[in-house]
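Here is a briefing for a reader new to this structure. Look over the sequence and the model, then read on.

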Amino acid sequence: MTTDRERKLRDYINLVASRMGGIEAVMAHFEEELTTQTEGIESTEEALRRNAQGGLESMATGKAPRPEEISGIEAIILPDLRPVIDISGGTFESNHRLWTKLSTDTAIKARIEAALLSIGRIELPGFGAIPYGGTGFVVGDGLLMTNRHVAEIFARGLGDQQLSFIPGRKAGIDFLRERDNVAGRIFRITNVRMIHPYWDMAILEVEGLDAAHRPLPLSLADARDLAGTEVVVIGYPAFDSRNPADVQDDLFSGRYGVKRLQPGLLQGGFSTESFGKVVPAASHDCSTLGGNSGSETMSIETGEIVALHFAGRYLERNYAVPTAALARDQRVIDAGVIFAGTPPGGSNDWGSWWERADRRESLSVAAPINTSPPASAADSSAPAAISASNGSVTFEVPLRITVSLGTPAEAPAAVGTEAVAEIEAPGASVVPRSTADYAGRSGYNPDFLWGNTELPPMTVPMPDAADPGVLAPTKDGGKTLHYQNFSIKMHAKRRLALVTASNVTEEPALREPETGRDYSRKGLFSERWFPDLRLDAQYQLPDIFFSIDEGAFDKGHIVRRDDIAWGKTFEALLKGNVDSFHVTNCSPQVAGFNRSDSGIDNWGDLENHVLSEAASERLCVFAGPVLSETDRIFVGRGANRTTIRARIPQSFWKVIVARVSDGIAAYGFLLEQVLADVQLEFSVAENFISSMRKLSEIEALARISFHQSIRDVDQYDTVRGIEIAFRSAVERGSAR
């Protein structure tokens with residue numbers, strides 16, 4: 001039986017050796033190197049070479065190579081087909097038999113060397129989790145090009161108008177960082193010129209460039225039509241745990257994050273997922289790693305940039321934005337990018353994505369945007385304390401946190417179901433005032449991911465409690481509360497949601513179904529919280545617990561309000577928005593916990609990063625608190641001056657399921673709000689602790705159970721998962 005590893009290896013060798021004549025030609029080409037005559041004890045390298053030769057012979061005759069033969073091919077053949085060449089002192093030397101021309105052909109070498117000082121490492125000063133974001137190169141007067149997913153580490157927005165740096169983050173570029181000359185001058189990135197809404201591309205402004213850092217011309221020739229063309233990728237490959245460590249260390253000499261030359265061939269056009277869509281990318285077979293994001297792909301014959309590298313998968317292929325496509329985008333042309341000839345502009349296939357970005361920008365209501373990063377992290381002001389007359393103190397850190405200095409009076413804990421207060425417009429018309437008003441709320445749809453495609457449906461079941469006995473019963477005897485676009489299962493004893501499941505989409509037709517409506521947060525609801533009339537009061541915390549708690553905690557949406565505010569009509573969208581304000585969807589969280597616009601270490605941005613690896617704009621999102629017996633007790637108020645003692649969760653989990661080109665993918669995360677044991681009730685750390693976790697670990701911590709089909713597509717140890725963790729600046733770890 002052919003294993004997935006064997007199939008990928010066979011396909012990859014055929015891919016990279018296609019211009020050599022396939023596996024048989026590889027055998028002939030490397031026969032001298034692979035043939036070993038040993039005397040006495042065989043060395044490890046000799047054993048690898050012998051196994052590699054045997055593996056090639058097995059493949060050539062249609063037999064399945066043994067595991068040790070596969071390891072030999074990976075260790076010997078693959079590095080020999082696509083080497084990695086050191087750059088030092090602005091030059092390089094290639095002695096590899098397949099790529100000697102890079103050094104011996106003076107014209108080719110001169111083209112490559114002339115480009116080296118225009119290619120640099122995107123630095124992230126003060127951002128300890130990620131020392132650098134990827135690669136960038138000069139494409140115009142004071143302009144850099146890199147990937148959208150690189151720029152979004154430190155910038156936000158989409159299109160070419162309301163773009164800004166994330167508060168507290170900044171970026172620069174170092175054009176040196178060679179193997180023997182580690183650091184150079186860091187040129188400050190001062191502005192974000194463009195974050196392309198369709199292609200994984202961004203244009204940045206940088207100050208202080210001189211003539212040595214000349215723009216690299218983008219080719220008008222379409223890389224998708226140039227299969228077999230010899231190219232080099234120049235960038236800053238980082239250690240990539242998705243690849244075998246021994247093979248990787250051998251290929252890169254155990255040194256990462258420095259400028260490398262990586263030759264290979266273009267492999268034609270190939271569609272792949274990118275930011276909620278499938279794009280017709282160019283492909284190549286150079287030996288790239290994660291830090292190569294944003295690298296140029298240069299034709300060695302012309303010296304022109306034919307593509308912008310943006311993704312790659314081990315033993316498969318690498319993907320790049322064809323520069324010929326960018327030459328058909330008038331906005332890219334107008335941004336000042338230099339092409340190798342007159343770019344045609346005109347019509348293209350992604351105009352609707354620009355229209356969406358423009359509409360998003362026009363709807364944005366915010367304070368004047370400062371597109372420049374802070375000059376120094378030290379510029380930020382110290383936390384300010386604001387006294388209040390009600391016995392509380394508020395700190396800005398920059399999260400706003402209020403800690404209680406008083407103790408509420410003790411009273412019986414019994415709380416009756418509060419009548420739903422009269423809520424004024426907007427949103428009042430869809431607030432449930434009786435159980436009958438919930439009719440039509442069908443809740444979470446497990447078939448949602450395939451609702452806007454022609455592919456067969458694949459069910460994404462809602463998680464369940466590991467012990468269904470802990471769930472609160474509804475008044476009609478059920479265990480699940482269904483709302484507009486999401487569902488909740490409540491923990492009876494803790495009076496909090498144990499698990500939530502929501503359908504999320506960025507489709508414009510569902511996000512803004514009717515023209516002339518106010519889709520702003522303020523225009524959709526007055527943000528009053530209310531109980532679920534289908535559930536007894538003993539199973540849900542009342543709004544007063546959060547409203548009259550001396551401000552110690554934020555009313556935290558477990559299901560994000562913005563996630564489920566969509567529908568085919570404005571009324572349906574309004575129902576989703578309003579339903580998110582049920583107290584069943586509320587959990588005590590510190591301010592900023594779930595806000596994707598907060599900028600640093602927040603919960604909501606994870607979905608945006610997952611969309612960068614998705615083939616559809618639809619997501620299924622599961623989330624909930626980790627309910628532990630060691631959670632601290634918070635004393636709050638109930639109705640009629642009663643007292644409620646509730647344990648406050650210290651951790652929350654989230655699992656995001658997306659459609660990808662080969663099925664579905666699931667990503668698990670844990671985020672902790674640090675509640676220190678101090679006299680002032682609770683103290684919250686300035687930064688949250690977030691990490692990517694295995695689904696099996698989340699199951700154990702949260703005491704929930706995922707369907708096997710979801711466990712099977714856990715991305716923790718995959719290319720996609722590692723990329724998402726890197727882009728979102730979260731650790732990959734296990735419980736402390």
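In which loop does Asn-485 lie? Asn-485 sits in the loop between β20 (481-482) and β21 (486-491). This is a predicted model, where local features need pLDDT of at least 70, side-chain atom pairs count only at pLDDT 80 or more, and totals for chains, interfaces and linings use all residues. Residues are numbered from 1 along each chain as its sequence is written, and side-chain values use heavy atoms, with hydrogens and water left out.

**Overall make-up**

- The protein chain has 20 helices and 32 strands. Helices (H or I, at least four residues) and strands (E, at least two) are DSSP runs, numbered from the N terminus.
- Of the 736 residues in the protein chain, 57% are buried. Buried means under 20% relative accessible area, exposed means over 50%, and partly exposed lies in between (1.4 Å probe, protein chains only).
- The protein chain exposes about 29,400 Å². Carbon and sulfur atoms supply 49% of that area. Areas come from the Shrake-Rupley method with a 1.4 Å probe; for residues, only the protein chains shown count as cover.
- Among contacts in the protein chain with a separation of 6 or more, 69% join residues 24 or more positions apart. Contact means heavy atoms within 4.5 Å.

**The barrel**

- Six strands close into a barrel, in the order β2-β3-β4-β9-β8-β7, with antiparallel pairing. From one strand to the next, the twist averages 45°. Axes are lines fitted to C-alpha atoms, for helices over the stretch in contact, and angles run from 0 to 180 degrees between N-to-C directions.
- Strands of a sheet pair through backbone hydrogen bonds, either parallel or antiparallel. Here, two strands pair if DSSP finds at least two bridges between them.
- Strand β2 (residues 119-123) pairs with strand β3 (residues 132-140) in the antiparallel sense over five bridges. Ile-119 stands opposite Phe-137 in β3.
- Asp-141 lies in the loop between β3 and β4 (143-146). Asp-141 is exposed, because its relative accessible area is 75%. The C-alpha atoms of Asp-141 and Pro-215 are separated by 7.1 Å, though these residues are 74 apart along the chain.

**Positive phi in loops**

- Asn-485 has a phi near 80°, a positive value in a residue other than glycine. Asn-485 has 9% relative accessibility, so it counts as buried.
- Arg-495 is in the loop between β21 and β22 (496-505). Its phi is near 60°, a positive value in a residue other than glycine. Arg-495 is buried, with a relative accessible area of 16%.

**A helix among its neighbours**

- Nine of the 10 residues of helix α16 (residues 570-579) are buried, so α16 is largely enclosed by the rest of the structure.
- The buried residues of α16 include Phe-570, Leu-573, Leu-574 and Val-578. Lys-575 and Asp-579 are also among them.
- What do the buried residues of α16 pack against? They pack against β21, α13 (508-511) and α14 (521-524).

**A buried histidine**

- His-149 is found in helix α8 (residues 148-151). His-149 counts as buried, at 4% relative accessibility.
- The side chains of His-149 and Asp-200 are joined by a polar contact of 2.8 Å. A polar contact is a pair of N or O atoms within 3.5 Å; within protein, one must be able to donate a hydrogen and the other to accept it, and residues adjacent in sequence count only if both atoms are side-chain atoms.

**Cysteines**

- The count of disulfides (pairs of cysteine sulfur atoms within 2.5 Å) comes to zero.
- Cys-286 is buried at 2% relative accessibility. Cys-620 is buried too, with a relative accessible area of 0%.
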